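Hi there,

Here is the two-chain model you wanted to look at.

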Amino acid sequence: MKNILLSAATLCLFTLNISATNEIHGSNEFSVNYNNLDGPSKASSSLTQGARYLENFNLYGNGLKNSWNYNYSFGLKATDDKKNDVKTFSLTNLNSRITNNIHTLTTGDVFESFTRYSLGSPLKGLSYNLSPKNKTSLEITALHGIAYPRWDSFWGDAEVKTVKRTATGIRAKKILTDEIEAGFNYVFTKDTDRQNSSDGLYDAKTYSFDFEYDPMPGLTVNAERAQSDSDYSSSAGTTYSSSKGHATRIEAIGDGYPSRVVMEYENASPDFISLLGSAVSDRRKFKSSWRYNYSKKTTMNWSFLWYRNNLDSQLTSTTRSWKPQMGIAIKRIFPKRRYSFVDFYYKFDRQYGSGQSSSNHYFTTSYRDRFGEIDNTTNLGYSLYKVESGVRKSNELTFNISFNSTHDLKNCTLRPSVNLGVWRSKDELTFDTDNMYDYSLGLGMEVPAINITSQINFGQNILQKESGTNSKKFFANLSTYYRPSAMKNLQSTFFVRAGFNDFSYTTTSQNFRETAITMGINSEF
Amino acid sequence: MKKLLLIAITLMFVSSGLNAKWWIFGKSKDPVNIKYLYINNISSDEAGSKIKVFKKSLQNQMLVLKGKVKSGKGEIGSIRITLNNKETWTDAKFAKDGSFNYSFKPEIGKTYIMFLEAMDTSGKTNNVDETRKEIIVSDEDPLKEVKKALDEMFLAYKTEKIKKFMAYVSNDFLGDSVMLERAVRDDFNALSNIRMRYVINNISAGSKGRIFVSIKYNRMVFVNKTGASSTDSGNTEMVFENKEGKLQLYSMKRPLIFGLSDADNVATGTVIGETEELIITNTGEVSTGGTISNSKTLTGSKTNDGNDLLSYNFSDDATYSESGNAPGDVTKIINGDIAFYTFHIISSTPNNTKIKYFPGKNINTLTSAEVTNLSGYTTTITNPSSTTGNTYGVYSGGEYHAIEIVSFSAPFPPYTVTFKVKSF
């Protein structure tokens with residue numbers, strides 16, 4: 001921990017001082033927020049009663065010394081609203097990087113992406129990358145650090161402390177031919193500092209081999225094979241149990257007008273563990289998609305996804321899923337209507353096994369057009385849900401229509417908008433039909449001469465349930481941004497945001513209201 | 001493994017031997033083609049038709065294009081690049097093997113329309129129109145770009161605009177963009193009046209143009225099925241990648257803020273230390289499940305009867321020591337939902353509890369979909385209930401829970417059992 005902070009800070013100071021030609025930029029946003037909560041169920045609100053502040057400061061710089069480029073950044077946050085952050089003061093980022101395009105050293109927040117299965121998470125530590133000028137030479141990246149979710153985890157108290165996951169990794173990549181490049185990756189992680197007796201701890205190693213092959217222009221084949229070797233202790237006092245797993249992924253992408261075709265196969269065993277990479281264990285998956293531009297106006301899409309679990313027969317039964325979908329989008333469907341556009345999609349979800357069976361159908365269509373000065377978008381959706389046996393059988397209809405326009409007046413631009421929506425759900429098990437209606441009106445305004453932009457919206461949402469509690473929610477929001485010319489050098493923007501929400505139910509003990517006002521200033525230099 | 005290698009090798013040989021781009025249905029291959037092109041170290045293939053380059057990432061304030069072109073038979077004779085939509089062209093320096101390097105000092109905020117033309121010594125060229133890229137150089141820092149992308153995604157999710165939301169999801173989204181699109185659509189059918197806000201905890205820009213962000217979120221939703229509101233907050237992590245001239249979502253961890261209807265498939269991993277989350281079940285209802293408790297230890301006080309039971313009640317977190325007559329005598333459990341007895345874990349008949357053993361799973365890897373599927377649930381599970389690490393699903397009082405045995409002192413009383421609980 002001390003070493004990481006020391007090296008990050010040293011490199012930051014070093015990069016600040018090595019040259020007088022460096023550039024420094026910063027941004028700061030300070031806001032004060034006042035929330036008033038009212039009504040018998042005001043505890044349901046996600047806001048905090050009273051006045052609170054939030055401060056964000058970021059500084060970053062870069063420069064050049066001899067053949068070395070460097071940059072650095074750090075950010076600080078302060079707030080007294082526990083719903084924003086449990087800590088009053090916190091460090092949001094700390095990073096420095098120095099490179100001569102062959103050697104690159106990064107400290108602080110280090111985010112190297114090796115491969116999908118090996119490493120794709122950031123660490124707080126350091127990394128070194130060697131990229132020889134000769135692109136066919138071996139490129140090496142090595143790193144070491146701790147995968148804490150935030151900097152406070154190093155020095156903070158229990159509320160920000162987590163298991164300490166220390167990681168060390170290396171990636172070696174080589175371009176073998178014009179068509180093939182391959183890489184080897186190794187990541188070792190060790191968990192310590194259990195915070196709760198129920199915290200599970202891992203010691204895990206992941207080895208992976210990956211390659212990319214471009215046999216011809218537009219066709220790329222990439223693949224990865226990974227092995228994991230892990231020990232796991234589920235809680236304090238329990239001994240470590242070992243497991244080994246493997247994962248394989250092959251993907252072929254063909255991309256050339258008029259088509260783009262993607263085929264992917266993946267197999268991750270139940271015991272495959274990737275703590276800093278990404279994998280869904282116990283999964284065999286096949287996916288294909290085809291986008292075909294039939295003409296300049298018409299595009300068609302097909303895709304198919306299939307997956308299953310229980311690969312080692314370790315479960316009592318297997319669940320299989322498949323999800324095909326198809327769609328078509330047509331620009332200028334009416335030749336005389338320049339802005340007319342329509343699309344239609346059908347999607348199907350099927351899942352069965354382990355004593356359950358579900359089949360859901362989704363139909364969606366939308367139409368866009370411009371009538372005079374008014375833009376219109378209309379969406380219609382119909383979903384059929386069926387989960388056997390007797391778990392769910394319902395159909396849902398959604399419809400919404402919106403109108404927007406822009407009017408340039410002498411000194412300002414106005415952007416009025418109207419949205420109307422209906423949602424209808426029919427439950428065929430309980431025979432209940434629920435309806436929801438919503439509307440909203442909005443008006444945007446820009447006054448370029450005095451650098452003001454503003455937006456006001458209000459609307460209502462009404463839920464009518466055949467059984468249960470009906471409710472109405474009214475909302476109104478106003479936001480205004482002002483960029484004074486006198487503070488052009490600082491690029492400062494003052495902003496005010498105000499919101500009012502009223503939630504009322506047929507059971508009045510559930511009612512509550514929220515009034516929130518936020519004022520602040522955002523500056524950049 | 002052998003089969004997979006065989007498939008991969010076969011695919012490589014077969015595809016390299018093809019004379020046509022099979023995926024475009026018979027179009028012939030170009031005589032001159034681009035092997036690769038990197039724009040400021042971003043692969044042009046991966047970035048899409050628009051590329052946003054951050055000023056911060058420029059080398060000596062220069063934007064660098066590196067690539068390689070190859071001719072079918074002859075040598076490369078010239079490589080030209082235009083940055084203003086074919087109005088003017090500039091020659092690029094290239095080596096004999098077709099690799100080239102071109103750099104220029106970009107104007108910040110300007111959009112460059114780039115094409116690349118490579119000609120071999122016989123006068124044949126590549127398909128120039130296919131090389132079109134829009135390059136935008138932004139002076140905004142990645143933090144501001146992440147905030148912009150997050151704000152747009154939050155707004156699209158809150159206003160239930162699926163197309164606007166998916167415009168910020170990468171085709172390469174690790175949890176699969178098809179699954180996320182359907183999960184978000186199901187979220188919109190299940191929820192209304194979504195109110196969410198976030199504050200950034202940690203941000204890190206990394207290789208391949210990807211940016212990691214950790215956020216604290218607060219959320220309130222209305223559940224259409226029940227008409228009730230639900231509130232939660234937590235810390236989650238996401239990764240964005242630079243694609244199509246903007247940042248797009250590349251991966252998300254649990255607890256999720258989008259795609260709650262299919263958390264098992266949409267998320268890749270769980271944030272360290274975060275154990276609580278909101279999910280939408282396959283009936284369209286919200287479950288505030290996923291809280292893993294500290295280990296609970298039950299100790300029996302009755303030691304004189306080998307048929308004593310240790311029972312536990314999920315709703316009030318209470319433990320009881322009760323008298324049973326036999327392992328199968330579940331009617332004797334009066335107070336608890338489940339009971340531990342010698343080599344058995346049994347369910348309470350009065351409370352209509354059901355249990356299921358999940359071999360090979362622990363409390364972290366057991367998914368909500370597995371626990372909430374009632375198939376295979378039973379009333380009594382005999383040996384190996386006493387084995388450390390065994391994990392069970394429990395259905396009681398209309399709610400689902402998972403328990404993992406940490407230790408069990410069976411077979412002889414007084415029993416002591418320690419286990420973890422996760423509620424769904």
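Below are my notes on the chains, their interface and a few individual residues.

First, the ground rules. This is a predicted model, in which local features need pLDDT of at least 70 and side-chain atom pairs count only at pLDDT 80 or more, while totals for chains, interfaces and linings use all residues. Residues are numbered from 1 along each chain as its sequence is written, chains are lettered from A and ligands numbered from 1 in the order in which they are written, and side-chain values use heavy atoms, with hydrogens and water left out.

**The two chains**

Chain A has two helices and 27 strands, where helices (H or I, at least four residues) and strands (E, at least two) are DSSP runs numbered from the N terminus. Its C-alpha atoms fill a box of roughly 65 × 60 × 60 Å along the principal axes. Of the 525 residues in chain A, 52% are buried; buried means under 20% relative accessible area, exposed over 50%, and partly exposed in between, with a 1.4 Å probe and protein chains only. Among the contacts in chain A between residues at least 6 apart in sequence, 50% join residues at least 24 apart. Contact here means heavy atoms within 4.5 Å.

Chain B contains seven helices and 27 strands. Buried residues are 56% of its 424. For contacts in chain B with a separation of 6 or more, residues 24 or more positions apart account for 56%.

**Where the chains meet**

A:F111, A:M216 and A:P217 supply 7% of the area that chain A buries against chain B, more than any other three residues.

The interface also holds nine salt bridges, each defined as a side-chain nitrogen of Lys or Arg within 4 Å of a carboxyl oxygen of Asp or Glu. A salt bridge links the side chains of B:E181 and A:K347, at 2.7 Å from N to O.

Two more residues reach across. A:G355 sits in the loop between β17 (341-353) and β18 (356-371) of chain A and is exposed, at 62% relative accessible area. Leaving aside neighbours within four places in sequence, A:G355 is in contact with B:N373 and B:S375. B:E237, in strand β13 (residues 229-243) of chain B, is buried at 8%. Again leaving aside neighbours within four places, the contacts of B:E237 include A:P149 from the other chain, along with B:F212, B:M252 and B:V271.

**A helix and a strand in chain B**

Which side of helix α3 is buried? In α3(B), the buried residues include B:L143, B:V146, B:L150, B:M153 and B:Y157. Just after α3(B), B:E160 takes a positive phi of about 60 degrees.

Strand β3 (residues 50-54) of chain B has four of its five residues buried, so this strand is largely enclosed by the rest of the structure. β3(B) pairs with strand β10 (residues 133-138) of chain B in the parallel sense over five bridges; two strands pair if DSSP finds at least two bridges between them. Within this pairing, B:K52 has B:I136 in β10(B) as its bridge partner.

**Backbone points to check by eye**

Most residues other than glycine have a negative phi, and most peptide bonds are trans. Here are some exceptions.

- A:N451 has a positive phi, near 55 degrees. A:N451 lies in the loop between β23 (432-447) and β24 (452-464) of chain A and is partly exposed, at 31% relative accessible area.
- B:N193 also has a positive phi, of about 50 degrees. B:N193 is in strand β11 (residues 191-205) of chain B and counts as buried at 11% relative accessibility.
- B:R254 and B:P255 are joined by a cis peptide bond, with omega about 5 degrees. B:P255 belongs to the loop between β14 (246-252) and α6 (263-266) of chain B.

Note on methods. Buried area = accessible area lost by both parts, 1.4 Å probe.
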